[in-house]
Amino acid sequence: MQDTELADIAVEPQNALRVFRGRRLSRRLSLAEELVSLLRSLIRSSRALLWAVSFGALICISTLASAQAGSSNAQKIQDLQKQLDLMKAQMENLQTQIRDLSQSEQVVPTPAPAVQGATNPAAAQPQSLTQAQNIPSAPSRKVGEATASYQTDSQDQIAAPRVDNAPLDPRYPGYFRLMGTDTFLRIGGYFKTDFIYDLKPAGNSESFIPSTFPIPAPPGVNNTTVSIRPTRMNLDFLVPVKTSSVRFFIEFDLFGTNATTPRLRHAYAQADNFLLGQSFSNFMDPDSGPDTLDFQGPNSQVSIRNPQLRYTIPLKEKSSLSFSVEKASSDVSFTTPTFNSLPNSPTPDFTVKYRDEFKRGHVQLSGLFRDVAAYLPDGRSDSVFGWGVNLTGAMKVVGSDVFVYQAAYGTGMERYVNDTSGLGTDAAPANAETPHLHAVPLTAIYGGYQHYWVKQLRSSAVFGFAQEQNTNLQPDNSYHQSDYSAANIIWNPIGSLNLGTEFLYGWLVEKDKSSANAPRFIFSAKYNFIKASSAK
């Protein structure tokens, strides 16, 4: 009995020691479990803790293994305790670093992509080009407010090159970054259908060109046409380069050789105000074109797109001086009983332009210098100096109403004017005694007035006049004079949709005073690929 009691007394301290060790191990296990839970939380928030988590997991596993084995080595327990304390300090340090980084670093959310046709570009595009990474801010030189807000059915203002590649809208609506590059792209243009009705034969069935009216006109003939050829598409690329940008612009319409064959209108690049490629002639002013539904525009408008090399010098804040060397093409066509003229172009055409922007509009003065040449009936090649002066502008008159105008005069510049281009009248033989070329003088003027009835309803009235001073040797049926009149109303009922109707009337007079006239009605529907908010 005494032996049993003594044995029990001896066992009790051992049991107490086991209980004590068990409790300590239980606390260690609880601490390890908390550590594992903390590590799991950290691994969700930051991959940077991956190595720390792995290291802690190894220690936890070692601790669990030791507990399960019931090790009685107190020194190992103390070492584990020190390692856990060290890990706890390391994790607290990592949490502090993460918290500091989260507070100091501001994360800019990626904006939603631009939505074409949005009625509010600012809401659809919270991040403009100027706010995007690696794109320069909008150039300090800006397009005048009146120029930027002037709307026309043709949208030629969008395609026109600008000083410093300045945008019409400094918010750059419609542009988006090409994935994986610093290049931005804007896809523009419009789909347009014209329903055309001619009460009398009007020559060209899709463009109103008085010089094509047949003389004499066949009586009792009318004509109806439906055309989608005015439809356009363009791609506008901007490539950031240091503090500026390089612009690549390409545009097509459907006035190719066949019914709906694409035709290249623009293909140019501009950097540091050097332009290379095909665009509007430097002699032309696309910002003063009247707002007509007719694709051609006024008979007297200087309107041509030429391959060219151009350099623009910014002067004052709103003025500039431009020089260009452009493709030459002598438009000479005359015949004798034994000879047809053979035009040639000894030198390129040269132009110079001065432009000044002001609050309510702009004014532009440009000059043209060219060499018109052709082979004569006696086998000689003759050339004559051609020149032209073109004064154009646009000005806001009352409210949003805009008056646009052009006054051009020169000799041998017929190729650059709508109604006379392609007639072969840049030059002609002066007389039979001395069969040398004579540059034919030409006067070309027009005026247009645009009125807004309400914000979504506008009208324009246009009148144009062109006249040549014919030489004695030109045939009696040669072009002499034409008039152009247009009046329209254009409605923007919703979004990018525009509906309109226009009445046109033209008059043609030939050298022998023979004449013809023709009226035309146009009903048009157009949908712009991009709808930007009005800058008015």
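These legends describe close-up views of one predicted model.

The model is predicted, so local features need pLDDT of at least 70 and side-chain atom pairs count only at pLDDT 80 or more, while totals for chains, interfaces and linings use all residues. Residues are numbered from 1 along each chain as its sequence is written, and side-chain values use heavy atoms, with hydrogens and water left out.

View 1. Strand β4 covers residues 232-241. Strands (E, at least two residues) and helices (H or I, at least four) are DSSP runs, numbered from the N terminus. On the covered face of β4 sit R232, N234, D236, L238 and P240. The uncovered face carries M233, L235, F237, V239 and V241.

**View 2. The strands paired with β4.** Two strands pair if DSSP finds at least two bridges between them. Strand β2 (residues 184-198) runs antiparallel to β4, and seven bridges join them. Y190 stands opposite R232 of β4. Strand β5 (residues 244-253) also runs antiparallel to β4, with nine bridges. Here I250 of β5 is the bridge partner of L235. Two residues lie between the strands in the hairpin of β4 and β5. In that hairpin, K242 takes a positive phi near 55 degrees.

View 3. The whole structure holds six cavities of 30 Å³ or more. A cavity is a set of points, on a 1 Å grid over the protein atoms alone, where a 1.4 Å probe fits but cannot get out; a pocket is an open set with protein on both sides within 12 Å along at least five of seven lines; lining residues have an atom within 4 Å of a point. Grid points are joined across faces, edges and corners, and a volume is the space filled by probe spheres set on the points. The largest cavity has a volume of about 350 Å³. Its lining has 27 residues, and P161, R162, V163, S320 and R355 are the closest to its centre. Strands β8 (305-314), β9 (319-326) and β13 (349-358) each supply at least two lining residues. By class, the lining has eight nonpolar, eight polar and eleven charged residues. Ala, Val, Leu, Ile, Met, Phe, Trp, Tyr, Cys and Pro count as nonpolar, Asp, Glu, Lys and Arg as charged, and the others, Gly among them, as polar.

**View 4. The second largest pocket.** This pocket holds about 780 Å³ of space. Of its 38 lining residues, F295, Q296, S303, R305 and N418 are the closest to its centre. Strands β2, β6 (263-271) and β7 (274-280) each supply at least two residues of the lining. β6 gives the most, with three. The lining has twelve nonpolar, 15 polar and eleven charged residues.

**View 5. Q157 in helix α6.** Helix α6 spans residues 156-159 and includes Q157. Q157 counts as buried because its relative accessibility is 5%. Buried means under 20% relative accessible area, exposed over 50%, and partly exposed in between (1.4 Å probe, protein chains only). Not counting residues up to four places away in sequence, Q157 touches Y150, T152, R162, L168, P286 and D287. Contact means heavy atoms within 4.5 Å.

**View 6. N488 in strand β21.** N488 lies in β21, residues 479-494. N488 counts as buried because its relative accessibility is 8%. Leaving aside neighbours within four places in sequence, N488 is in contact with residues including D291, R458, T501 and E502. The C-alpha atoms of N488 and I522 are separated by 9.1 Å, and the two residues are 34 residues apart along the chain.
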